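Colleague: I have a few questions about this model before I use it. Can we go through them one by one?

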Amino acid sequence: MTIDEVARASDRPLRHRLDGRHFAALAAGAGDDQTISRLLAAESSWRKVQLRTVLDAVADLPEAAGPLPPVRAAWDLLAAAQHQDAAAVGRLMLHPQVGTWAGYLLRRLRGTAPASSGPFWVDVGYLHALAVAAAVRAGLTFSMRVPVCNGFVAIPTLGGARVPTRQPCDQVEVTGAAGTATISTGETTVTFHADGRGTEGWVPVPTVRAEADGHVLEVTLDFVDPYRNLRAPTPPHLDISQQVRRWQELLDQAWRLLVEVCPDRAVPIARGLSTVVPQPPAERFRTMSASAGDAFGSIIVSEPEDAPELAVTLVHEFQHIKLGGLLHLTPLLTAEPAHRLYAPWRDDPRPLGGLLQGVYAFVGITEFWRAYRLRSEGATAALAHFEFARWRRQVWATLRRIRELPELTEVGRCLLAGLSETAAGWQDDPVPTAVRKAAEGSAADHEIRWRIHHRRPAADVVAAFVEAWRTGQAAPALGDPEPAVLADPSARRLDSRAVLHLWQLTDPAGFARLAADPAAVDERVSGATEADVALVGGDPKRAHVGYLAALAMDPGSPAAWAGLSATSAVPVAGPAVAALRSRPELVRLVYREIRAVADADPLDVAAWVGPGPTDDPGPPGR
């Protein structure tokens, strides 16, 4: 099929629909393998639309391919492969990195993405490499030039080759026939095959397979595709043999655990997850993971510490993948609210679209911990109970705040109604009292820190309070106008109290070492302080002294103000605590202005400011 033919074909739209059963499953946060099959069918059409858009975008750029063959030549080879083996090329088109590449290239053309380290033709040349992969898989006889970056040529889904070049960005000839291809530079020849094998210099894309109770998970570990990450092209990582062994071990363990604990979650993951992009280990209890709507079926994840961490991350990111697929079928919003919103799992204010993604993901996460806590014991059970209690509270609060927003479409409201019904079923589940209180305290701490960082009471409101304090009057009653939301880029690691609790629950000896070495606290748990360790360790009086000392040094410290809201409640909460929980951002700014001209006790100021008209510290957007 030529470019002109695909243009004509795309004018005859194929409409994809989800029936009521599959949408109801997705709206509940679930979905089976058949649901995923329908999303994949829609993704296939979405990918074709992406490719058509790329072709249209470069049609008026005759030099877009630079020294490579024209874009039409790459497309014609891809079309010939599709004619020869439609199934193989169909699978290739669903490769997640094809979507990432198309999305990145279009954003670069529109000036909304950072330029890669190479010229534009190198990004366009991914289409040429994609055509080569299709031709090899279809067994065609062909010849095509593809880009080489810093001595490496990448062939999507198959791997890549180390080849010498005279400059950072160059081109190399690939010829092939009967499922075998050769990369030739004149100095070096590397051969590779349709099954991913190759001669010296070839770096295959490894496939790992895990099986449990008849359920099979098979994914590729992508270390080499330049578009495997979400924002910009990335150089290959070639020293991978040890990492592949480690990931095979982790996936074996995580898959067995997931099938045992949440088989209904495992089955759709096996159907829809195709690629894992490994990253270096992250800080303990702070896994880094990501996925994107352009890359259905792929997740980026830091090397986890253990199987439960990987299992819950698979659930987490596959929730995003499912919702991304639904969003390719229908919008959930008519517009964004005027201001950004609080997301309990993030440090920054989020758009409503991002908050929908987050709450959908954390419904899955909560379901995992809910099931896992009943199949574990000891420290593992304590961790699972804590995570279940923490996210149960946060998901429920978020759903209550957003499910009636006017910016939602009818489908968006139906989705949130389904998620709310799922979350309502968790609320009476028992959790050990001490663990539940720790989880709820950690959740409140995160929210207070977030408010202090990102909510800005109006300057005239703050000035009125400061003037009333200065003149010995009662705190003014100003109707508690809604503070603006302004992102504070310094907000980092607002979950430090929760992370400390996880240390304490799962590694008491390690937590004891933290408590004994105050200088190392922030190195091990970034964002945490010695006072936070004392509070989590059961010494609120010491923590209280530490928070007051921190405010003496920095009257605006969000962590110290949040800590005082907890330690000042021992043994009995009073008006100062009520103020710190209902409008901490106002207390902080008023105190900081007062301290600039006179000494004052922070808790006296908090008690004088008092709580707002409601003691609900919910973020904007309710």
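Colleague: Which helices are among those that cover the buried residues of H14?
Modeller: This is a predicted model. H14 spans residues 410-424. Its buried residues include Leu-415, Leu-416 and Leu-419. The cover over the buried residues includes H2 (20-27), H11 (307-327), H12 (352-372) and H13 (378-402).

Colleague: How far does H14 reach from its first C-alpha to its last?
Modeller: H14 has 15 residues. At 1.5 Å a residue, 21 Å is expected. The model comes close to that, with a reach of 21 Å.

Colleague: Is Gln-394 buried or exposed?
Modeller: Gln-394 sits in helix H13, and H13 is one of the helices covering the buried residues of H14. Leaving out residues up to four places away in sequence, Gln-394 touches Tyr-342, Pro-344 and Ala-443. Its relative accessibility is 3%, under the 20% cut-off, so Gln-394 counts as buried.

Colleague: What separates the C-alpha atoms of Leu-535 and Gly-563?
Modeller: Leu-535 belongs to helix H20 (residues 530-536). Leu-535 is buried, at 15% relative accessible area. Along the chain, Leu-535 and Gly-563 are 28 residues apart. Their C-alpha atoms are separated by 8.1 Å.

Colleague: Which residues does Leu-535 touch, not counting those up to four places away in sequence?
Modeller: Leu-535 is buried, and its place is in H20. With residues up to four places away in sequence not counted, Leu-535 touches Arg-497, Pro-540, Ala-543, Tyr-547, Ala-566 and Thr-567.

Colleague: Where does Ala-178 lie?
Modeller: Ala-178 is not a glycine, yet its phi is positive, about 55°. At 69% relative accessibility, over the 50% cut-off, Ala-178 counts as exposed. Ala-178 lies in the loop between strand S4 (169-177) and strand S5 (180-184).

Colleague: What is phi of Asp-213 near?
Modeller: Asp-213 has its place in the loop between strand S8 (207-212) and strand S9 (215-221). With 69% relative accessibility, Asp-213 counts as exposed. Asp-213 is a residue other than glycine with a positive phi, near 50°.

Colleague: What is the radius of gyration of the protein chain?
Modeller: The C-alpha atoms fill a box of roughly 90 × 55 × 50 Å along the principal axes. For 622 residues, a compact globule would have a radius of gyration near 25 Å. The protein chain agrees with that, at 27 Å.

Colleague: Of contacts between residues at least 6 apart in sequence, what percentage join residues at least 24 apart?
Modeller: The protein chain has 25 helices and 14 strands. Of its 622 residues, 55% count as buried. Among contacts between residues at least 6 apart, the share joining residues at least 24 apart is 69%.

Colleague: How far apart do the centres of the positive and negative side chains lie?
Modeller: The accessible surface is about 26,100 Å², and 52% of that belongs to carbon and sulfur atoms. The protein chain has 63 positive and 71 negative side chains. The centres of the two sets lie 2 Å apart.

Terms used
Residues are numbered from 1 along each chain as its sequence is written. This is a predicted model: local features need pLDDT of at least 70, side-chain atom pairs count only at pLDDT 80 or more; totals for chains, interfaces and linings use all residues. Side-chain values use heavy atoms; hydrogens and water are left out. Helices (H or I, at least four residues) and strands (E, at least two) are DSSP runs, numbered from the N terminus. The expected span of a helix is 1.5 Å times one less than its number of residues. Buried means under 20% relative accessible area, exposed over 50%, partly exposed in between (1.4 Å probe, protein chains only). Contact means heavy atoms within 4.5 Å. The radius of gyration is taken over C-alpha atoms; the globule rule is 2.2 Å times the number of residues to the power 0.38. Accessible areas come from the Shrake-Rupley method with a 1.4 Å probe; for residues, only the protein chains shown count as cover. Lys and Arg count as positive and Asp and Glu as negative; His and the chain ends are not counted. The place of a charge is taken as NZ of Lys, CZ of Arg, CG of Asp or CD of Glu.
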